[in-house]
Structure formats: structure tokens, C-alpha cells
Amino acid sequence: MLKKHGIGILFTFIAIVVAILVDVIGLLDLANYKMLDYSYQLRGPLSSWASHQDNPNDSLDVILIDVDDETFRLLAEIGWPYPRGKIWDRAIINLANAGAKVIVFDIQFDSRDAHTANVLSVFDGVLPEGRTDGDQEIAKAVQYARAQGTEVVMASTVKTELSSVPPQMLVTPNEIIMQVNPDHGLVDIEEDKDHFTRRYPVFGAMNHSPDKWHLSLAMKAVKHFLEIPDDPGLTYDYDLGEFSYGPLTIPTYGSDHPGFLTNIYGPASHARIGESEPWQTFQRFPLVWIIDTEEFDLPVPEEDTDWMGTFDPSSSFNSMMAMIDPTFEVPESPFKDKICLIGVSVEVMHDYKSTAFFDYLGAPTLMPGFEYHANATQTLLDENFVHVLGRTIEFTSDSALVHILLIIACALIAYLLIAFLDPLWGGLLVLLEATVLFSIAVGLFTTDHLWIFKWISGNSQSILVPPPGETLFVPIVAPLIVMALTYLTNVLYRFILEQRDKHFLKDTFGTYIAPELIDKMYEEKQEPKLGGDAGIHTAFFTDIQSFSSFSEQLSAEEVVELLNEYLTEMTDILLENKGTLDKYIGDAIVAFYGAPVPVDNHEYMACLTAVNMQLGLDVLRKKWQSEGDRWPEIVHNMQNRIGIATGDMVTGNMGSAMRMNYTMMGDIVNTAARLESSAKQYGVYIQVAEATYLAAKDGFEWRELDYAIVKGKNEPVYVYELMSTKDNLPDGYAEMLDSYHKALELYRSQKFSEALEAFKHSDTLEDMFPGRNTNPSRVYIERCEIFIKNPPGDDWDGSWRLTQK
């Protein structure tokens, strides 16, 4: 047992090593990423169009200004890229007038305004009178916004050109725009291995100046929204792995990544789930609405509604309404004190990210790149960071200890669950362990540890939303893998061990026990060993009648061939009926029932074997007869005799430690042997002792033979001839048995003269087939004649002593 568990622990250790190795080399990273995505979807969105309608004051701090399909269609006449002196400057001015606190561009203005550059190329670098420089106009708009208390943050990026020295450069808005010193933030975002976007940088740095940090776009937006001063700026605590930035504490995603996991607030805002309104995780407005004022005429007059003027008290409409109704109130601007993030969602620009909500509720939708910046910005503002147990999903120096401890703990629990149980129950418990681990992991992510019951009941919408900063992700793929490996390796080892033990049992018992009994021996852990077990079993002996005569008429080769065919057929019948083959002694078969594996109805099975052997021999006789002169007549008429007795015996492996034989010993064994040999004196072929008869009598047809004292014994026993299975007597046998039993009753009553006549009558009904020299009726005719001359006396008990074996 200790050796078995020692090897099981070894296989568990191997499973642990394999799980750690596949985790180290990153084979499980993608699965953990998908687990994170699935956790987001189970948690559900944190914001939606419905929530904005129900509680407008509870909307997020970031608003999306979208160059969407509607904008692209209505401004098609103007064409992309839009002129900065006609579109973008108006967007800045209008949003500043509407009270926006920060305007953020996820659109780069590093090159000159295309419309201005075209004019300059035509007029030799000089703008004609009445034409304005688009870049100067946008610069003026930035100054105007600043005067209104609105900061403008533009996009920058780190560009790599291997032919340049240094190869990396910071690309900012062009020099004309930069003359008014607008702030700018990096828009560079890395994708994971599966091309999904999950992390967001706090800053970026160039290889030639790694100590100079350039804050990301979201960080710059947050800086101006929270009015964080430049000094001391961004600092990093290497011991805690945290950035400090004004009032914010930002946990980093590992030591080697200057960023954090973006908490995705919901599906892309333009996504439609079924027939519903656009989801609008963030409030979203088309850019064309923002520039739609009285001063700007849309190229499509019928859709020129002056939408932005709705929030301007000085607009013609609002002025007129105030004159008509003194109580009229101008609608509050949705942009007031918000971060307005301007970007592009129109499909032709290909600025999309794959995120956790990509296929939320079966509606695959990519997220525009600028909305990903919005999610990062809102994560920072809410400090709603997604923490990772061990700091990184991947196996790194930060997460190594946590990953290894989780793997070891789950493997040991799995081993303990399967070590003392069969594979089925062990597998179910390991599956339960995996389910519990998965449930705990999602519960830590959602902070709702009852989520699985809500999900099962179809009430997933009631799963709790975690408070800001309380989300914890646990990478559980490696622990799940190690559970499966622990189970599979241990079950495989147990299967191999089981097969080895079964082979050992088959090598020991296979020649004399049916395969299903060997399987039962294995299940009951019965192993071969020297010694025996006492019990009540059934002994079974059979041999061929007058087999010595066969040797006289057949060659040695023919005897072997005939005997092998006969023994094969008889042994198959024996094993099919759960018998245990003890040995062959020439033409004799020695067997027993009820050991080494218990057989509840061993008496019945022994009797059934005897009947089936007689039927099987009849089939063989017909086969040999059909082969013509190949076999002499003695073979055609072959008969076998069977003796069966039930009682106490010892069964077990007898012999030496080097060589043993599973056999039986006991007085009842001798009784069965005597019954087989004495059957020839009665001219019967199946003789059964009383104990066997009493246990199996209801299933067969019988003839009471004698109350005999077999040779070598002093006590008489009742013996019976087994005729057939119940209700299957051959024609004429029923009449013969009735006549015989009446005669036997006269004999037992010492009415020997009447019994003599009765036995003579039953003799005429006996079936005297070839090879049968006598029958029980003739045996009793002789006895009646003896007792008529020499009566046994009044104290006679009806017994007869057999003088031959």
C-alpha cells in the first residue's frame, strides 16, 4: 500500500512539474487571457445606454465624440481628412463653449493640414488672401478653449525608423500647433498574443532615453481632469509595484510592464445587441452633431438642425424660447465638466481593438481604438483597477511563487481525492474541485461568491458588480491542468497496475477459472498465496467410461487428438458455468465450485455443468459419427461419468513458495470421487450426493438411487441420479421414473418379492443405449433376489455397502 501511494505521489509530482513547465513557457497564457475575458462577460457591463437614461447624473466622466458612419456620410462632400480650420477647430470651440473640462484627440496632427498644404503647393507656399491656415486655426481654438477653462490633449506616438539616428523619435502635433503648447499623450498600445487588447501603458519611453517618461493619452486626460500639478509628477514605488500620480495609486501589471489591466466597462458603445438602441457604455455623440451650430451649415441642408445650439443660451432658438416663456430653461450640456474624447469608429479607418466584450451576448463587435482609451481613462479616474493574484497572468518573476503554490495545492488536493477512491468517484470529485476553484476565481473577480447559483438559475443579470478596485483575477488554467494531469497519470498508473495484477491472476488461475471470476478476484483483492481457506463448496469429478479400451483401439496420436477435443469442450462448459478447474488426471477432470471466488448457487451451477456436459458430449458423438470410419465405434458411443458432492473442504494454493497449485482438500472431495467411480455400478452417468441434491433439487429432474455406504466410508449417504433440467426429461423417462420410485418404496418396506416384480417392470422402461451395461432397476433386481433368500432383519435401515470404488 505504501509503495502504491509512493508511486501515486511520484506521478502527482510529475504532473506538477509538467504543469509548471507549460506555464513557464507560456503555453497557458492564451487560455488564461480567455478566462479573464469570460470573467468580464460573467460580471457584465458596468454602464449602458439604459443606465444613462435612468440616471443621467450617474453617467461616466468620459464622453465619446465619434467620427462615425453618420458623420462620414454627412461630411462626405468635405472629404477626409477633414480641414482643421473648418471642422476640428469648431469641434474644440463648441465643446469648450458647452463646458467640457478636457478635450482629448485620438487623432494625430503631426503633419500639416492637408487642405492648407494643397493650397500652399498651388500658390508657391503663400496663402491667398481670405484663406486661413488650418493648423493656425486649430492652434487658436486650443488657446480659446484654454481661456474657457478647457484643456486640450492631443495624440503623440513613438515612431521607429531603423535608418534614423537615434532610431526612435517622439512624434507630436506639428510645430505650428505646438506653438501654443497643447499637451499631448502617447496613443501606443500593445496587443496580447491573441491580438486582444487588455493592458494600458502609464507611460512610454524611447530606448535612447529610458529615464524620460512620456505619459500616455489617458494619463494626460486624467492629469487635466483632476488638475494634477507637474511637480512631483509620476513616481514609482519599486517595493510595492505602484505608481503614484497626484491622488492616484496605480498598481502596475508586473515589474516589467509600466502599465495596468484596463477594466473594460462594457461592449463597444456603438454595438447593438439585437434590436436595441446602441449599447453606449460611454455616452456617444457623432462629431457632425458637435459642429452643427447656426454658424456652420451642413452639406446636407435637410439634416442641418443646429443640434449643438440646443445647449447655447445665446442661440436663436433658445433666445426665442426665453422670450416666449420666461420660465424656459436651456437644457444642460451633456459635455459640462466631462472629458470629451474625439476619435474615429468609421470602419474604413481600421482603428479597432478586440476586447473582452467582443462577442458579448452573441453580438461580435470590435471596439474603436479611441473607446479603449476611454475605458483606460475611466479606470484611472475610478481607480477601478483589475488586480491579478501574483501581479501578472503570465508566469514571471513576480507571479512565479503564487503560480507554483496554486499548482501544488490543487495537485495535492486532487491526489487526496482520488488516492482512496475508484476512478469514477475520484474523477467526479476532481471535477467538483475544478468547479469549486472556477467558482471561487469568478467570485473573486465579481465579488459575488453566489454567482454560480444565479448563473445556473438563469438569473445572471443579478450577479453583483464589484466596487471600484475590488476586482481580483486568479489565473487558474495551470491549476486546472494539474488537476487533470494528476487524475490522468494516477488513473493510468492504477490501470497499468490493475492490468499487471490481472495478468498475474490470469497466469496463476487463468487455466482453471473463468475470466469473469478472475476479474471478481481482482475486485475483491484476492491474491494467490500459500495456504487454504475452509468453506462449504461443491466438488466435481468426471472421467470417460472405459477409457482404457480407447487406448487399445487408437494410436497414441489419435488418443491425444481425441482427448484434447473432448477436454476442451468439457472445460469450456465448466468455466462458462463458474467452475474452477483443479486438474486433469488423464481423461478425468477434477473441479470445484465456490472458490476462489464465492458462487452463491454453486450446487446448482455444478449440476447445470453436469447436464450441459452430457449435452456437449452428445454433440461430440454426432460429430465423430459424421466423420465415418475415421473413429471406431467405441468413440461414436463415448460416455462419461460425473460425481458431485457438497460439503466442507479447504481450497487454496498447495505446494511450495516456488511452485504452487490451487486445489481442494477434504473428505467431501473423496466422496465426490467415489460417487463418480461408483456410478458405473448403477449404470448411471451423473451421481449426486444428498447435500447437493437438497440445494439444487428444484431446478432439475432426479432419480433417488440408493442409501449407500461408499467404499472407504462407514456412514451411509443418500445418492441421486441427475436426469435433466426441470421439465426436460426425454420421452418415456417420466413413466420409467414413476415405476422405479414405486418399486424403491416397496424395497425400502422389505417387500422384496413385490419390489422384484416392480423393478423388472421399470427395467423394461430403462433406456439401454450403446455402452450402458446395466441400470439401477437391474441393480435392485439382484438385491431383491439376495434379500428374498437372506432377509436383512427388522433393524435394517435400507443401506447397502458398496464393495467397489
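At 8% relative accessibility, His602 counts as buried (buried is under 20% relative accessible area, exposed over 50%, and partly exposed in between, with a 1.4 Å probe and protein chains only). The residue sits in helix α20, residues 602-626; helices (H or I, at least four residues) and strands (E, at least two) are DSSP runs numbered from the N terminus. Leaving aside residues up to four places away in sequence, His602 touches Ile536, His537, Thr538, Tyr593, Gly594 and Thr646, where contact means heavy atoms within 4.5 Å. Ile786 is 184 residues from His602 along the chain, and their C-alpha atoms are separated by 39 Å.

## Basis of the values

This is a predicted model, in which local features need pLDDT of at least 70 and side-chain atom pairs count only at pLDDT 80 or more, while totals for chains, interfaces and linings use all residues. Residues are numbered from 1 along each chain as its sequence is written, and side-chain values use heavy atoms, with hydrogens and water left out.

## Overall dimensions

The chain has 26 helices and 27 strands. Its radius of gyration is 50 Å, whereas a compact globule of 805 residues would have one near 28 Å; the radius is taken over C-alpha atoms, and the globule rule is 2.2 Å times the number of residues to the power 0.38. The C-alpha trace spans about 160 × 60 × 55 Å along the principal axes of the chain.

Of the 805 residues, 52% count as buried. Among contacts in the chain with a separation of 6 or more, 69% come from residues 24 or more positions apart. The chain exposes about 37,900 Å², and carbon and sulfur atoms supply 55% of this area. Accessible areas come from the Shrake-Rupley method with a 1.4 Å probe, and for residues only the protein chains shown count as cover.

## Nonpolar cores

A nonpolar core is a set of buried Ala, Val, Leu, Ile, Met, Phe, Trp, Tyr and Cys residues joined through side-chain atoms within 4.5 Å. The largest one has 86 residues, and Ile250 and Leu380 have the most contacts inside it. Helix α13, residues 400-419, gives the most to this core, with seven residues. Apart from it lies another core, of 44 residues, including Ile63, Ala98, Phe335 and Cys340.

Not counting residues up to four places away in sequence, Ile250 touches Val202, Met219, Gly241, Glu242, Phe243, Phe260, Leu380 and Phe385.

## Nonpolar surface patch

Leu10, Phe13, Ile14, Val17, Val18 and Leu21 form a nonpolar patch on the surface, and together they have about 510 Å² of accessible area. Patches are made of residues with over 30% relative accessible area and no salt bridge; like charges are joined within 9 Å, and nonpolar side chains (Val, Leu, Ile, Met, Phe, Trp, Tyr) within 5 Å. Val18, a member of this patch, is found in helix α1, residues 2-24. Val18 is partly exposed, at a relative accessible area of 35%.

## Salt bridges

Side chains of opposite charge can pair when their charged atoms come close. A salt bridge is a side-chain nitrogen of Lys or Arg within 4 Å of a carboxyl oxygen of Asp or Glu, and the count by this rule comes to 36.

Lys140 and Glu137 meet in a salt bridge with an N to O distance of 3.6 Å. Because they are three residues apart in helix α7 (residues 134-147), about one helical turn separates them. Lys140 is partly exposed, with a relative accessible area of 48%, whereas Glu137 counts as buried at 18%. In the salt bridge of Lys159 with Glu161, the closest N and O atoms are 3.2 Å apart. Lys159 is partly exposed at 41% relative accessible area, and Glu161 is partly exposed at 29%.

For Arg198 and Asp194, the closest N and O atoms of the salt bridge are 2.7 Å apart. Both residues are buried. Arg198 and Asp194 also belong to a network of salt bridges that links Lys34, Asp37, Asp192, Asp194, Arg198 and Arg199.

## Pro716 and its contacts

Pro716 lies in the loop between β25 (700-709) and β26 (717-725). At 18% relative accessibility, Pro716 counts as buried. Not counting residues up to four places away in sequence, Pro716 touches Tyr707, Ala708, Ile709, Asp797 and Ser799. Trp800 is 84 residues from Pro716 along the chain, and the C-alpha atoms of the two are separated by 7.7 Å.
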